[in-house]
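Please have the model open as you read.

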Amino acid sequence: QVQLVESGGGLVQPGESLRLSCAVSGNIFRLLTMGWYRQAPGKERDLVAAIISGGRINYADSVKDRFTISRDNAKNAVYLQMNSLKIEDTAVYYCNVRHLDGLGRAFDDWGQGTQVTVSS
């Protein structure tokens, strides 16, 4: 089993910054992607940023140049540095790991979510 524990959410004002952390534990045979998604009230869960095996990084257009995703392999952790936060960034943020087991089956594992609220 793979477990993901997020931290770092909170209430900030527009223009401020937050850093989300996600600690990953458990057995992963082959990692495909590590990333962050978010879900605002009444909306679908959308990709924010992801690191793909091999190092390529994808960002949602709405967060490019403001958010930075990074990974610490030694700590099995993934981070999301969020700068210049906007009210529309308010959402529950979820850490995600997509991986394969030894039989080639793909799994998506999720953290419990951390609330980010941007309000003046």
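The notes below go from the overall fold to the salt bridges.

This is a predicted model, in which local features need pLDDT of at least 70 and side-chain atom pairs count only at pLDDT 80 or more, while totals for chains, interfaces and linings use all residues. Residues are numbered from 1 along each chain as its sequence is written, and side-chain values use heavy atoms, leaving out hydrogens and water.

The protein chain has 11 strands and zero helices; both are DSSP runs numbered from the N terminus, with helices (H or I) of at least four residues and strands (E) of at least two. Buried residues (under 20% relative accessible area, with exposed over 50% and partly exposed in between; 1.4 Å probe, protein chains only) make up 40% of the 120 residues.

Now to the charged pairs. The structure holds five salt bridges, each a side-chain nitrogen of Lys or Arg within 4 Å of a carboxyl oxygen of Asp or Glu. Among them are these:

| Pair | Closest N to O distance |
|---|---|
| R38 and D89 | 2.9 Å |
| R66 and D89 | 2.7 Å |

R38 sits in strand β4 (residues 30-39) and D89 in the loop between β8 (77-82) and β9 (91-100), so their bridge ties together parts 51 residues apart in sequence. R66, in the loop between β6 (57-59) and β7 (67-72), is 23 residues from D89. R38, R66 and D89 are linked in a network of salt bridges. R38 and D89 are buried, and R66 is buried too.

In the remaining pair of the table, R105 is partly exposed at 48% relative accessible area, whereas D101 is buried at 15%.
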